[in-house]
Amino acid sequence: MQATAYTYDSETRSGSVLLDDGTPVDFGAPAFDAGGLRLLRAGQRVRIETEGSGADLRITLVTLQTF
């Protein structure tokens with residue numbers, strides 16, 4: 001799934017993304033660390049992996065979108 005980086009805190013390595021429908025979804029440090037990134041800037045397109053759905057949607061991986 002693709003999303004757009006919305007917020008990122010380098011101290012906690014957590015933040016949020018916007019899904020393509022505009023829904024914000026938070027991610028924690030484990031999801032950021034799983035992607036192997038060092039930094040994330042607002043507006044970057046990212047690829048995410050998730051578990052659950054609806055209110056229980058949880059991001060398990062955040063990494064850069066590659067084509």
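The conversation below takes several labels in turn and sets the values of this predicted model against the cut-offs.

Trainee: Let us begin with the sheet: in what order do its strands lie, and how are they paired?

Mentor: Five strands form an open sheet in the order E3-E2-E1-E4-E5, with antiparallel pairing.

Trainee: What makes E3 and E5 edge strands?

Mentor: Each of them has a single partner strand, so one side of E3 and one side of E5 are left without a neighbour in the sheet. Neighbouring strands of this sheet are turned by 40° against each other on average, with direction ignored.

Trainee: How do you know that E1 and E2 count as paired?

Mentor: Two strands pair if there are at least two bridges between them, and E1 and E2 are joined over six bridges in the antiparallel sense. Within this pair, alanine 3 stands opposite leucine 19 in E2.

Trainee: Why is phenylalanine 27 called buried?

Mentor: Buried means under 20% relative accessible area, and phenylalanine 27 has 5%, so the label applies. Phenylalanine 32, at 1% relative accessibility, therefore counts as buried too.

Trainee: What makes the pair of phenylalanine 27 and phenylalanine 32 stacked?

Mentor: Rings pair if their centres lie within 6.5 Å, and planes under 30 degrees apart count as stacked. The structure holds two aromatic pairs; in the one formed by phenylalanine 27 and phenylalanine 32, the rings are 6.5 Å apart centre to centre with 15° between the planes, and the pair is stacked. Ring pairs link Tyr8, Phe27 and Phe32 into a cluster.

Trainee: Which residues touch the most other members of the largest nonpolar core?

Mentor: That core has 15 residues, of which Val17, Phe27, Leu40, Val46, Ile48, Ile59 and Val62 touch the most other members. At least two residues each come from strands E1, E2, E3, E4 and E5 and from helix H1, and E1 gives the most, with three residues. Valine 17, leaving aside its neighbours within four places in sequence, is in contact with residues including Phe27, Val46, Ile48 and Ile59. As a general matter, nonpolar side chains in soluble globular proteins tend to be buried together.

Trainee: What makes the approach of glutamine 44 to arginine 41 a polar contact?

Mentor: A polar atom of the glutamine 44 side chain lies 2.7 Å from the backbone nitrogen of arginine 41, and the cut-off for such a pair is within 3.5 Å.

Trainee: Finally, why is aspartate 56 called exposed?

Mentor: Exposed means over 50% relative accessible area, and aspartate 56 has 63%, so it counts as exposed. Aspartate 56 lies in the loop between E4 and E5.

Terms used:
Residues are numbered from 1 along each chain as its sequence is written. This is a predicted model: local features need pLDDT of at least 70, side-chain atom pairs count only at pLDDT 80 or more; totals for chains, interfaces and linings use all residues. Side-chain values use heavy atoms; hydrogens and water are left out. A nonpolar core is a set of buried Ala, Val, Leu, Ile, Met, Phe, Trp, Tyr and Cys residues joined through side-chain atoms within 4.5 Å. Buried means under 20% relative accessible area, exposed over 50%, partly exposed in between (1.4 Å probe, protein chains only). Helices (H or I, at least four residues) and strands (E, at least two) are DSSP runs, numbered from the N terminus. Contact means heavy atoms within 4.5 Å. Rings of Phe, Tyr and Trp (its six-membered ring) pair if their centres lie within 6.5 Å; planes under 30 degrees apart count as stacked, over 60 as edge-to-face and the rest as tilted. Axes are lines fitted to C-alpha atoms, for helices over the stretch in contact, and angles run from 0 to 180 degrees between N-to-C directions. A polar contact is a pair of N or O atoms within 3.5 Å; within protein, one must be able to donate a hydrogen and the other to accept it, and residues adjacent in sequence count only if both atoms are side-chain atoms.
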